Each structure stands twice: as structure tokens, then as C-alpha cells.
Amino acid sequence: MSPGGGGPMKDCEYSQISTHSSSPMESPHKKKKTPARRKWEVFPGRNKFFCNGRVMMARQTGVFCLTLVLILVTSGLFFAFDCPYLAVRITPAIPVVGGVLFFFVMGTLLRTSFSDPGVLPRATPDEAADLERQIDIANGSSSGGYRSPPRTKEVIINGQTVKLKYCFTCKIFRPPRASHCSLCDNCVERFDHHCPWVGNCVGKRNYRFFYMFILSLSFLTVFIFAFVITHVILRSQQTGFLNAIKDSPASVLEAVVCFFSVWSIVGLLGFHTYLISSNQTTNEDIKGSWSNKRGKENYNPYSHGNIFTNCCVALCGPVSPSLIDRRGYVQPDTPQPAAPSNGLATYGATASQSDMAAATPLLQSEPSLASDELHLPGKPGLGTPCASLTLGQPTPPSSMPNLSAEAGLTDILPLKEEHVGHQFLTPEEAPSPPRLLAGSPLAHSRTVHVLGLASQDALHEDSVRGLVKLSSV
């Protein structure tokens, strides 16, 4: 060693730490950047989303697939077997008109099935708690316990009292004419009904497309059925009825499908025409919300009093924007602190307690200090154990008695070498310190009292207090 003790320090060189190491110890410290998630991926309702959230449907789509098959098969057979004959014998406009009706039907069907019907967003936990707090204040409730809010509120719309019901699923008071769909598990604005044939709810944002769908489908069904019968009649006049069926067997299948479908489709069209003219919904009509049977003063506050105005409002008004923003990004949550890796927190210790335990030499799997390593005040090495306490030096209690100068620390027996590998010493293995002053707290106890893992706080406090005693001698 060179004079002054600085020789070895001059020979030391710093080595660059490799940041591209593939050591498995570095993998927990690397933060993986998770991609941002869109709102449709965490949507709470029972819906299906396709094309990155652009397409929204109900979860039960089996009947919708049946609707597509019936329309596509019937129209395909008509264009393949009937239109060529009718275009030659009658007019080429028949397949053109049929094609226009077919594309209009498919367009309105897909628009109804793939769009947001008017789903209302659910309340966040903070909004739900604030709403319940407002209800408690309004009702004069001062108790801190949970109490379910009332189910209804009353508002006045055009002189008519309308009740707003509270949805315990969405945690909101539903606006007028809104209802909760049990199949999709969503509150839908101006809810009409859930239609399995289109695979979606029918509400404020897609009702006009639903009405245009059943209107165009009624025309297409009547159109196909009429010209299929015309085709069969023209062929039977030439070759007979049986030969006409043999020459075009697909016409029989088309006629059967259209015959049994046209009644329900046309009847549904008439029913919804009545609803539009009176500005009602299917839900309101079934419940009889504005029926005269409830009273003479009961009337529909949403009707404009004119059939033409009601139809224009329902079919020609602007389409309201979607309220759920299903293609928006989810806001990232506040990052949580990482759990300590030393295993102490699994026994109930907090993060600060784990850090203190890691800084205390008695809690680590290191050799204990022997008697020759302990020094009296003023000698080198006294502050070495205390320097490892990163959380600051604790203040010793004022009531702690001091040891006399006659009892030196060199009288304390060193710890056994065979216990170096142990984490803690048991009371039986720790020898009693001889020649301590009478009345000293250390004279009536063992050197170290070892507690269980569940009492780490007390163990840490004892270890720090022991170090303070040693440093105060």
C-alpha cells in the first residue's frame, strides 16, 4: 500500500456497464410498453365488435344470419331463373328494378345491424358515487351507510308528467323514452325493441334505417312473388302447368318463401307506420304508456299533433352522434408501485418497512459482528453498521440507561461461527453476556430476541435500538 492509503485507489479503473446484457436478472426491471386499448375492447355490454370497433352488433347473431340467407337465396334464384325469361317476354326493366330493390334492402339491413342504436354510456364509479350523494342530500339522509337510491324521478314534458327510472346496471337515471335491453345489457336512447332478425337493438340512431328496411323488403317480397307467379303462368300457357314447374323448379321455392313471408313483413310495416305517424315506440305501445285507458288527461307529450310532422321528425331529422365513442382510446391508469422483491411484503410488511429491514444488518443473511469487530467510541469502525441505515439515524429514548465505563464491549462474547449462515439466532443459541452491571436491561435478557416473520416491525425496532445502545457506550 502506498503512503496515505491512496495507492490502490489510483490503480482502480471504472469499467463500463453493458446495457445490452441478456441476463435474466435485468428482465424484471425492463418496462414493456403496452399498446393503447380502444374503448370497444373493454365495453361492458354484451355486444360484438368487428372491423376495429366500426361494426357493432348484438351477441346473438344466428337469426340475423338466417335473414341474410333467406334474402340472398330468394333473390339469387329470382335473378338466375326468372329474370332471363321475364326480360325477354315482358321488359328488361324487371331485373333492373329488382336489382335496385335488392341493393336497397341489403344496404338498410346492414346499416341497421352494424350501427350503434343509441347506447347510453354507463356512469363511472365517481359519477355513480356523486349521484348517490346528491340523492342522499336531497332526501335529507345523514347516515353514512349505503342506501339504494329511489327508482324514479318525475319531470314535466309538454305538460305531461314523465317518470325517469334509475338503472342499477348503468348507474344512471334513464332519459325519457330510454330503456335497458336485457339481451344487449345496455340502456338505449328512444328504445323501440330488440329485433333478432337484424341482430341489434332498434333505437334512436337506427330506427329510420330499420323502417326503410322493412319498407323496401316488403316491396321486394311483393315484387318477387308477383313476377314469379307471372313467370309460371306464362310458361304454363305454352307447355302446361306441370312442364312449367319442371322447367323452372326454383320458381316454386321462391313462391312458397315469399307467400309465407309477405304477410308478416307487410303487417310489421303497417304497425310501424302507425307508430311513426303517432310518434310512439313499440315499447311505449306495448306498455300502453299513452293509452286513454289510463285516464282522460293521459296523452302522448312527444306527438307534434300532425302525421306529416311526426313522419318527418322520425325519418328526415338529423342522425344524432354516438355517445359511447367505441373507437376512442382508453385513458391509461395511474401506474402502481412495484412490489418488493425480498419477499418481506408477503407477510404484511409495508414498502417502507421492507426498505428498513433491507437496510438493517440483523435482518440480512450476512455474518454477525464478532467482538473484535466492535470498537469503543473514538476508534475507527464504530459508525460502520450505522452508515448502512439509509433511512437516517433513529433517536435513542431518553429513559434508556447508559452502561458504566467499567463494562467494555470487549467483554461481550463473540457469536459462534457455525451460526454465520443462519438468518436469525434463536434464544437458546445466543449466550448471555457476562459481567454486565446489575440493573442493566441487558443483564436480564438474552443477546438477541428473535421473533417470527409476522413480527418484523418489533424485530427491526429491537435491532436498531441495539445498535444505538452500542454506539452510546
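Is Asp-116 buried or exposed? Select Asp-116: at 1% relative accessibility, Asp-116 counts as buried. Here buried means under 20% relative accessible area, exposed over 50%, and partly exposed in between, with a 1.4 Å probe and protein chains only.

This is a predicted model, in which local features need pLDDT of at least 70 and side-chain atom pairs count only at pLDDT 80 or more, while totals for chains, interfaces and linings use all residues. Residues are numbered from 1 along each chain as its sequence is written, and side-chain values use heavy atoms, with hydrogens and water left out.

**Whole chain**

Show the protein chain as a cartoon. It holds twelve helices and nine strands. These are DSSP runs numbered from the N terminus: helices are H or I with at least four residues, strands are E with at least two. Of the 473 residues, 34% count as buried. The chain exposes about 29300 Å², and carbon and sulfur atoms supply 61% of that. Accessible areas come from the Shrake-Rupley method with a 1.4 Å probe; for residues, only the protein chains shown count as cover.

**Salt bridges**

Arg-205 lies in the loop between strand S9 (200-202) and H5, and Asp-116 in the loop between H3 and helix H4 (125-138), so the pair ties together parts that are 89 residues apart in sequence. The rule asks for a side-chain nitrogen of Lys or Arg within 4 Å of a carboxyl oxygen of Asp or Glu. Arg-205 is buried at 13% relative accessibility.

Next, select Glu-284 and Arg-177. Their side chains meet in a salt bridge at 2.9 Å, N to O. Glu-284 sits in helix H8 (residues 282-287) and Arg-177 in the loop between strand S5 (172-173) and strand S6 (179-181), so the pair ties together parts 107 residues apart in sequence. Glu-284 is buried at 7% relative accessibility. Arg-177 is buried at 15%.

Now pick Arg-235 and Asp-247, a salt bridge with its closest N and O atoms 4.0 Å apart. Arg-235 is in helix H5 and Asp-247 in helix H6 (residues 241-247), so this pair ties together parts twelve residues apart in sequence. Asp-247 is partly exposed, at 45% relative accessibility.

**Helix H2**

Select residues 62-89. At 1.5 Å a residue, the 28 residues of helix H2 should span 40 Å, and its end C-alpha atoms are 40 Å apart, which agrees. The expected span is 1.5 Å times one less than the number of residues. Stop at Asp-82: a kink of about 50° lies there, shortly before the proline Pro-84. The bend is the angle between axes fitted to the seven residues ending at a residue and the seven starting there. Buried residues of H2 include Phe-64, Leu-68, Phe-78 and Asp-82. The buried residues of H2 pack against strand S2 (55-58), helix H3 (93-113), helix H5 (207-239) and H7.

Select Glu-154 in strand S3 (residues 152-157). Glu-154 is exposed, at 56% relative accessibility. Beyond its neighbours within four places in sequence, Glu-154 is in contact (heavy atoms within 4.5 Å) with Thr-161, Val-162 and Lys-163.

Move to Gln-160 in strand S4 (residues 160-167). Gln-160 is buried, with a relative accessible area of 10%. With neighbours within four places set aside, its contacts include Val-155, Trp-290 and Tyr-299.
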